[in-house]
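Have your viewer ready and work through them one by one.

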Amino acid sequence: MMRLVILADDLTGALDTGVQFAAAGVRTAVTVGDLPPGDCTVAVCDLETRQLTPDAAYARTKAAVSNALAAGAEFLYLKTDSGLRGQIGAELAAVQEAFPQVLFAPAYPENRRVTKGGIHYIDGTPVSQSLFGRDARTPVRHDRVADVLRESCSLPVREVSDPTALPAAPFVLLADAVTDADLTAWAASGLSRGIRAYSGCAGMAKALQPLLSLPRESALAAPAAAPLLTVCGSISPVSRAQLTFAQKAGIPAVRLRDADPAALAAALRAHGAAILASAYADADVAENNAGGETADSVAEKLAALAAALLSEVRPLSLFVIGGDTLMALTRALPGCQIRPLRELSSGVVLCELRVGKQSVTLVTKSGSFGEADVIVKIREILP
């Protein structure tokens with residue numbers, strides 16, 4: 001029976017939130033667009049709203065909330081970007097129409113993203129001054145979370161800092177949180193007061209998971225041994241640092257515009273790992289832009305190459321960095337299914353990708369997550 005529906009604005013976010021439940025043995029399914037089948041306990045639906053207009057994001061979220069209620073969902077969770085990108089206000093407005101009280105805690109303390117006094121911080125820097133304020137597609141222009149929300153929608157917001165003193169009126173309750181313990185306190189307080197709608201990134205979902213008393217299944221099997229292809233469409237400074245670290249560690253790296261599928265396949269067989277990325281340096285980004293490439297066209301080309309290599313090199317494991325690239329991969333593999341299994345590190349999700357009868361080990365993460373050595377560590381962790 002479906003107990004919880006999670007609505008996400010991109011696919012990597014859907015997976016890093018859904019895995020908080022899957023890793024605990026809760027039957028969890030992730031889909032794009034429509035709700036998963038009703039035989040799952042947690043249904044995760046990627047709505048792909050981050051790049052939409054506020055009105056379109058509102059309409060898509062409103063329809064998804066209606067579908068969740070019709071499916072009998074007891075709880076609803078709106079997964080938002082930990083850097084506050086996207087149309088969060090419009091999405092929350094659609095949720096708040098169906099659930100008068102929504103508890104929104106955007107912090108992710110274990111990734112150094114916290115909310116204090118209503119201001120959101122990334123690594124101690126106000127969010128608009130961080131890399132999210134310089135995002136190429138959806139830059140964040142405000143530091144106060146309430147202002148970010150109101151940029152796309154008029155919304156009844158109440159900033160709250162004390163979990164023991166939640167107001168009863170219909171509001172989106174905007175919660176401060178600087179530690180994981182704070183998130184746990186908010187989750188416990190909300191549930192004790194009968195709140196059924198929550199929002200935030202994977203941090204708040206992780207706090208809710210043990211408190212919802214969802215049924216568990218047996219442990220999942222370990223992935224099979226295979227070469228690892230890292231596919232990166234993100235040009236975030238975080239991702240670029242990870243690519244540089246992996247290159248220095250000796251992992252063969254190829255730029256998208258220079259990629260030869262046969263050479264990549266040979267590198268994977270010879271070295272057990274390879275990297276395919278759109279850009280490793282500022283000059284690569286400038287050259288892509290000068291050539292008329294867009295984020296979408298880059299993602300499509302990366303996905304097409306990765307899909308071709310899945311047919312050429314068997315078995316093959318994939319580490320996909322960036323939500324646009326992961327979304328493009330699902331389009332390049334019609335009928336594929338993704339099942340989150342567990343987190344390998346914060347925001348880095350181990351999944352099973354099924355393509356027909358082929359089972360592929362898939363690791364995903366957002367472009368803005370992870371330490372510099374994450375690619376090297378994933379290569380060491382996987383068989």
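On a 1 Å grid over the protein atoms alone, a pocket is an open set of points with protein on both sides within 12 Å along at least five of seven lines, a cavity is a set where a 1.4 Å probe fits but cannot get out, and lining residues have an atom within 4 Å of a point. This is a predicted model, in which local features need pLDDT of at least 70 and side-chain atom pairs count only at pLDDT 80 or more, while totals for chains, interfaces and linings use all residues. Residues are numbered from 1 along each chain as its sequence is written, and side-chain values use heavy atoms, with hydrogens and water left out.

**Exercise 1.** Describe the largest pocket and its lining.

*Solution.* 
- Start with the lining: 44 residues contribute, and Asp135, Arg137, Gly233, Ala295 and Asp324 lie nearest the centre.
- Next, the volume is about 1100 Å³, taken as the space filled by probe spheres set on grid points joined across faces, edges and corners.
- Then look for helices (DSSP runs of H or I, at least four residues; strands are runs of E, at least two; both numbered from the N terminus). Helices α1 (11-22), α9 (282-290), α10 (295-312) and α11 (323-332) each supply at least two lining residues, and α11 gives the most, with 6.
- Finally, sort by class (Ala, Val, Leu, Ile, Met, Phe, Trp, Tyr, Cys and Pro are nonpolar; Asp, Glu, Lys and Arg charged; the others, Gly among them, polar). The lining of this pocket holds 14 nonpolar, 17 polar and 13 charged residues.

**Exercise 2.** What does a search for cavities of 30 Å³ or more find in the whole structure?

*Solution.* 
- The search finds 1 cavity, and about 70 Å³ of space lies in the largest cavity.
- Among its 13 lining residues, Asp16, Lys79, Asp81, Ser366 and Phe369 are closest to the centre.
- By class, the lining has 1 nonpolar, 5 polar and 7 charged residues.

**Exercise 3.** Find the residues through which α8 and α10 meet.

*Solution.* 
- Taking contact as heavy atoms within 4.5 Å, Pro261, Leu264, Ala265 and Arg269 in α8 meet Leu305, Leu309 and Glu312 in α10.
- These contact residues divide into 5 nonpolar, no polar and 2 charged.
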